[in-house]
Amino acid sequence: MRDAYLIGAGQSDYGAFPAESYRSLFSTAFDAAVGSVPKGLEPGAIDEAFVGTLGVGGRQLGLPGPAVTEHVGLDGVPCTRVENACAASGYAVRQAVAAVRSGMADVVLAGGFEVMSDTSSDATKYWLGVSGETEWERLSGTTFSGVYAQMASAHMDRYGTTREQLSHVAVKNHANGAKNPHAQLGFECTLEDAMAAPVVADPLNLYHCCPTSDGAACTIVASEDVVDAYTDEPIRIAGVGAGSDRVGLFQREEYTTVPASERAGESAYEEAGVGPDELDFAEVHDCFAIAELLAYEDLGFCERGEAGEFVASGATGPDGRLPVNTSGGLKSKGHPIGATGAGQIVEAYKQLSGDAGDRQLPDPRCGLTHNVGGSGGAAVVHVFERQPIEEVAR
Amino acid sequence: MSAIVGVGAYAPRFRISAEAFEEAWGRFDAAGVNGKVVPAADEDQLTMGYEAATRALEAANVGAVDWLAFASTTPPMAEEDLTARLGAMLDLPEDVGRHVLTGSTRAGTRGIVAAADALAGGISRALVVAADAPRGEPDGEIDHAAGAGAAAFVLEADGPARIVDVAEHASPYPGSRFRGTGESTTDGLGVTRYDRRAFRETVGAAVDGLSVDPDAVAIQAPDGKLPYRAAGDLGVDAETIASVATVHELGDLGAASVPVTLARALADGHGSILAVAYGSGAGADALVVEVDGPVSTALALDGDDPLGYAEYLRQRGVVTAGPPSGGGAYVSVPTWRRSIPQRYRLEAGRCPDCGALAFPPEGACPACGSREPFEPTTLTGEGTIEAVTTISQGGAPPEFSDLQSRAGDYAAAIVAFEDEGGETVSAPAMGTDAEADAFAVGDRVEATIRRIYTQEGVTRYGFKIRPAE
């Protein structure tokens, strides 16, 4: 099996851009990704594409993939749309890795996009809720804020997790996002601000919830056979793991874990031959503050029930034992659904390339990204390793 | 012969006082009404009827009937046989005889009379459900008086509360109270003496041929004064009416007025009861009920959640914008219909291979993965909250934003529901009948049926949860 490498990644700004279209945002991300390839890349070298999008607004429900790849001039390149709700483009990257490993393609584009700010708030809520379990969960009156709030209620009841601990996630991620020029909500907030925000779905307040966003992100994956044409400091996609689960939270045995994340993490660690202790940073799916805490536990960053204390201790801050969401996470950087998974990998690429600006970590070598669809119906985890060219397996 | 063997009655928890109206309007037009019932935003005549009917069936300690009538002047659908849904909610056999009675405030007693006829004709057990929530123009007497409530009676050929005599009378008196086809509010010309004469003449004539010396009179009460004007025509004193009257606290209950009042008279242990219903047009029914033994009753008519006038308008949807334009979750009507055994009766499934419970009972077994069809098993409707949130303003999906505008924050929970043996299976459910903060992890709850939402003109009913009694 051939190894796959991350040779480029870039994103548009995340935010609300009435002057942009989904195609123009994708174009920006595509150019940024191509431009980030250390030794340059002729777009004609791309021989396969995977594009993630939920399709919010219904603007191009069918064939959204070719609609953007043809727009950026990838004439005739096979393109597949990947849909796994908020994990769409995380899964698109996994497809890219599979295409490379199988020998089907040598240079693959994997990205995603979403435009969420140009519909009415009611229409947006409709689209946000369509990835939950519709017949029962949705019709008990919940969208995702409600479902994650239910998870928070169970975690608080079982482990004594507090609202203040949830708010620490917002404080940390906003502090990180303030250093990210692409972030939608790139401002710092105090614990007092985060605690005092209006309630959305108790116990979650506004600062426990990510925004809705417009944006696009692209990554470029290359095979071991061609990687040295593009970089002298290859970043190996050392481990990929994925897992699915029942779409409705009520259909799962427990509400204080996301089994799909756990499964995805275990597979990715095993394939990469590393464990959580070897990680230098992680980008996890913090659509809601409780989601980041659950990720800590599901991915083995801390013991079950201890995530609240873990974040409050500063362990996942930029100077902590395991910096998490240096990009600002979904909370501060933004969450354009279909772009989010690829956008997390953009941060991993920047950190491992030493190109993360004010938020650059000191010489990271191994990072993880974790992307969840819905409340855990799908999850995908990637582990990336920076290695010099002589170590590239042949 | 026919007899009442079980009685149920229900009124929603919200109340508004005459004083609250006076504050808002500078006056209150419903004479003799001190306060009245306001149905919650997720209640209607069908759900109130369900609440009364489950209580009547439980009081009678019977599971099935072979005849069903549903009576209301304001059925939630003007055309559609609501007894099909009500029968499914109550798990009645599908070959039960069914009748919908409407168009007159004496529809409730017409149901009882028709049940008596059916029993005489050979059926063995009947269920009569009367539920109403009249509506008028907000500035008028009819709307000021309009309450909400339901009563249900299980009848058999013989029993402790025998219907020993029945009479009726009708005479043309158009214009005293009417609602045109397609209109949503009931109106009247307000010709006071004419209206009064229509009432007194028809109820008096209906009672005229009966031989009765009642110790309680359950009489139609469009307001709190008119019933007493007929006391002389009935040959009773005001106290005989007042002792069981419901209009002073519950308001005008329309077709459920006499049924709810009769239910109270039976619950209070009266021995000889005269029930007199009046419907504009005008006609009257009179029934004599002689009680010679204890009648099993289950009344839930108390409520102590007061509303201000603005909240009253909100709950009733008078000042809210209705469903948003952005669309809601789309569950097609055929898909919804497939889930009716779960929505109405919490029918779960048991895996034939490993015995685990599943809800909804479809797909692979959650425990062992078996694809064998589940064996149907009904949950008790009681359970414990495992996870819960309060959905605040703006957090509701669009299909629930109208409900939230009307009713405010609501609880959304995951509940571990129990089967008869105490095994549990989880299902999501919206909270009702209590404030959102009355639901917490670990709390005991019970299921009831409410309106879930309306799409494409079709209201979907299903279970919600309330704090366990």
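**View 1. The two domains of chain B.** Chain B splits into domain 1 (2-315) and domain 2 (333-467), with bounds that come from an automatic or database domain assignment. Keep in mind that this is a predicted model, where local features need pLDDT of at least 70, side-chain atom pairs count only at pLDDT 80 or more, and totals for chains, interfaces and linings use all residues. Residues are numbered from 1 along each chain as its sequence is written, while chains are lettered from A and ligands numbered from 1 in the order in which they are written. Between the C-alpha centres of domain 1 and domain 2 of chain B there are 32 Å.

**View 2. Where the domains of chain B meet.** Here 17 residues of domain 1 of chain B are in contact with 15 residues of domain 2 of chain B; "in contact" says that two C-beta atoms, placed from the backbone, lie within 7 Å. On the domain 1 side, α2 (45-60), α3 (82-89) and α12 (309-315) of chain B each give two or more residues. Helices (H or I, at least four residues) and strands (E, at least two) are DSSP runs, numbered from the N terminus. The top contributor is α2(B), with four residues. By class, this side has seven nonpolar, two polar and eight charged residues. Nonpolar covers Ala, Val, Leu, Ile, Met, Phe, Trp, Tyr, Cys and Pro, charged covers Asp, Glu, Lys and Arg, and the others, Gly among them, are polar.

**View 3. Chain B against chain A.** Now 34 residues of chain B touch 32 residues of chain A. On the chain B side, β17 (382-391), β18 (410-418) and β19 (424-430) each supply at least two residues. The largest share, six residues, is from β17(B). This side of chain B counts 21 nonpolar, twelve polar and one charged residues.

View 4. Strand β5 (residues 199-202) of chain A pairs with β17(B) in the antiparallel sense, over two bridges; DSSP has to find at least two bridges for strands to pair. Look for D202(A), whose bridge partner in β17(B) is T390(B).

**View 5. Helix α6 of chain A, mostly covered.** Twelve of the 15 residues of α6(A) are buried, meaning 20 or more other C-beta atoms lie within 10 Å of a residue's own, with C-beta atoms placed from the backbone. Among them are L166(A), H168(A), V169(A) and K172(A). The cover includes α5 (144-159), α7 (191-196) and α9 (289-298) of chain A.
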